Amino acid sequence: MAETAMAGANDDCVNAARLHERPFHAAYINEKIPCPLPQCRRDFRNDFFEVNGLAQHFRAKHSGVTFTDKHVDEAKCVLKSLHGEETKRHLEKLSTARRNLSEPYIGYNVFTKHGDCHNLYVAAKDAKEAAKLVGMVLLHFGYLKPYSKGNRGEPIDVKGGNITATFNVWFSTKTESGKDMTVVIAEATFVKKDLYVDATPLQKEHCHRNNVNTAAILPSGDPNLDILRAIFQFESFRGLQKQAIDSTATQRTRDAIINHLQLPDVNVLLQSSDRPNLVFQVIDRQGSDHSSLVGLVKNEFDGTVEYRFWNGHRQKKVKFVIHNGIPPSIENYVQESGRAGRDGTEAHCIVFFKFEDRTIHLKNMSALPDGGEKQQRLKSLNHMVDYCMIPSCRKSQLVRYFDGASSSSCNERCDVCKQPPNPPLNGTEHAKSVVACVQSMIKIDSNVSVKYLALTYRGSRSKEIVNKGYVNAQNHGSGSKDFNSKTMYKFIHLLITGGILQEKLRTVSDTKTTPLLVLGEKASQVLDRDFKFVYYK
């Protein structure tokens with residue numbers, strides 16, 4: 001077997017290969033295999049055999065074992081595992097070396113569906129090269145299929161820079177300079193650019209660093225048309241036409257797309273985001289126990305589950321999508337839940353919700369610099385939390401978020417409309433009272449958590465509240481008549497997503513992780529004459 005080459009690989013890939021010893025790769029190239037028996041696995045970095053040689057090895061070293069074809073198959077499996085691990089380590093060394101080079105590289109997190117290479121960090125010039133590098137690891141593990149009709153590519157998710165992309169990856173052989181070479185082929189099936197950043201025209205160097213073959217991103221479906229595009233560059237015959245297609249674009253996203261693509265005159269075609277066959281539901285998740293989720297799957301959906309979907313998943317007969325925790329935004333949720341019901345039949349989209357899951361996303365945001373992007377992500381997260389907490393028609397909330405208007409009824413296609421909640425209650429005075437209570441508590445002891453606020457406002461005289469001095473806080477006990485423990489927490493959570501209160505993450509050096517409460521940017525609005533706040537029991 002000829003030496004494997006990586007399509008699009010750079011000189012530093014070759015140099016790195018020469019720097020590091022790769023005995024398993026050499027065995028792979030020379031079509032040799034190790035002894036599969038455990039007693040020979042301790043140290044066979046240099047003991048590799050052709051099939052006949054392995055038979056002789058058995059006669060010399062394992063005379064009590066009858067050599068069969070099964071041992072050959074086992075030896076091939078052992079080599080694949082060792083070769084894949086060796087290439088994975090080699091890729092890690094390559095990515096480390098690239099960080100020290102002057103040439104710009106982007107760090108990507110690359111995900112596959114295989115446990116031995118589920119999440120790899122790769123330094124590459126663009127997303128496609130990152131997919132090819134990991135594709136080489138998959139090839140050596142034996143997971144890749146040849147690039148031929150009928151073979152489905154191996155899906156790879158690539159995230160880094162401002163791009164999230166999914167590639168299908170195969171291998172192919174070609175002859176170059178009289179030698180047979182194996183190359184990795186990567187075709188993009190899904191590409192999403194992060195448009196949270198300020199909408200400014202892309203710079204040339206930015207386009208270069210995040211270059212992905214656009215012909216592969218949006219195949220026409222017509223092979224003849226794709227050949228014209230790829231080989232003859234037929235766009236030049238009639239002038240370049242630009243199209244931007246997005247299934248979950250708010251007005252802000254549409255404006256960003258137009259600005260990024262520099263489209264002075266553009267026709268915007270909009271279609272309602274409502275999908276009548278989907279049924280939406282939110283279920284409060286208690287603790288970290290997954291028994292409720294498992295029970296739902298077994299009892300309602302015959303226990304059939306796929307662990308996860310890749311971006312761009314197109315399986316039509318998906319009957320439910322369950323989120324065991326909240327996505328970071330409404331856009332993410334609609335993209336992911338929208339994998340259900342592609343065949344037009346009824347399908348269910350369910351979120352198991354717990355407010356504390358929001359903290360996970362806050363921690364991810366904490367690494368971002370203060371500014372517009374961070375604030376926009378927080379706003380998007382709070383929209384997602386409100387969707388789960390506010391008992392109004394789920395479908396109307398989604399349609400209103402994207403289209404600016406909502407349908408009058410979802411025909412009982414969500415849990416809220418099937419079982420309408422009690423009318424909302426006026427919580428304006430309580431909102432003002434809670435803000436004053438928080439201000440007073442911070443003066444006594446600044447480590448105010450949601451739990452401490454809930455206990456204090458309901459009038460608790462527990463040991464921890466007394467020891468902290470919160471029994472002396474203003475409005476201690478003001479909510480004792482109108483709130484129980486559950487509704488008190490929900491009320492505080494609504495104040496947080498409304499920007500009246502804010503959760504402040506602990507520092508890295510702090511031994512505790514529970515976020516602390518401070519006044520939010522909208523806290524001063526509670527003093528306005530027209531301020532109103534409603535909540536639900």
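I began with a rule: a charge sits over a ring if NZ of Lys or CZ of Arg is within 6 Å of the ring centre and within 35 degrees of the ring normal. I then looked up arginine 394 in this predicted model, and I noted that its charged end sits over the ring of tyrosine 387, 5.8 Å from the centre of that ring.

Next I turned to two helices, and I found that H12 (residues 330–337) and H15 (residues 394–403) pack at an angle of about 115°, with their axes 11 Å apart. I noted that H12 passes H15 in a left-handed crossing. On the H12 side I listed Ile330, Glu331 and Val334 as making the contact, and on the H15 side Leu398, Tyr401 and Phe402.

I went on to the aromatic pairs, for which the count comes to 13. For tyrosine 452 and tyrosine 470 I wrote down ring centres 6.0 Å apart and planes at 55°, so this pair is tilted. Tyrosine 452 lies in helix H18, whereas tyrosine 470 lies in the loop between helices H19 and H20, so the pair ties together parts that are 18 residues apart in sequence. I found both tyrosine 452 and tyrosine 470 to be buried.

Methods: Residues are numbered from 1 along each chain as its sequence is written. This is a predicted model: local features need pLDDT of at least 70, side-chain atom pairs count only at pLDDT 80 or more; totals for chains, interfaces and linings use all residues. Side-chain values use heavy atoms; hydrogens and water are left out. Axes are lines fitted to C-alpha atoms, for helices over the stretch in contact, and angles run from 0 to 180 degrees between N-to-C directions. Helices (H or I, at least four residues) and strands (E, at least two) are DSSP runs, numbered from the N terminus. A crossing is left-handed if the near helix is turned anticlockwise from the far one by less than a right angle, and right-handed if clockwise. Contact means heavy atoms within 4.5 Å. Rings of Phe, Tyr and Trp (its six-membered ring) pair if their centres lie within 6.5 Å; planes under 30 degrees apart count as stacked, over 60 as edge-to-face and the rest as tilted. Buried means under 20% relative accessible area, exposed over 50%, partly exposed in between (1.4 Å probe, protein chains only).
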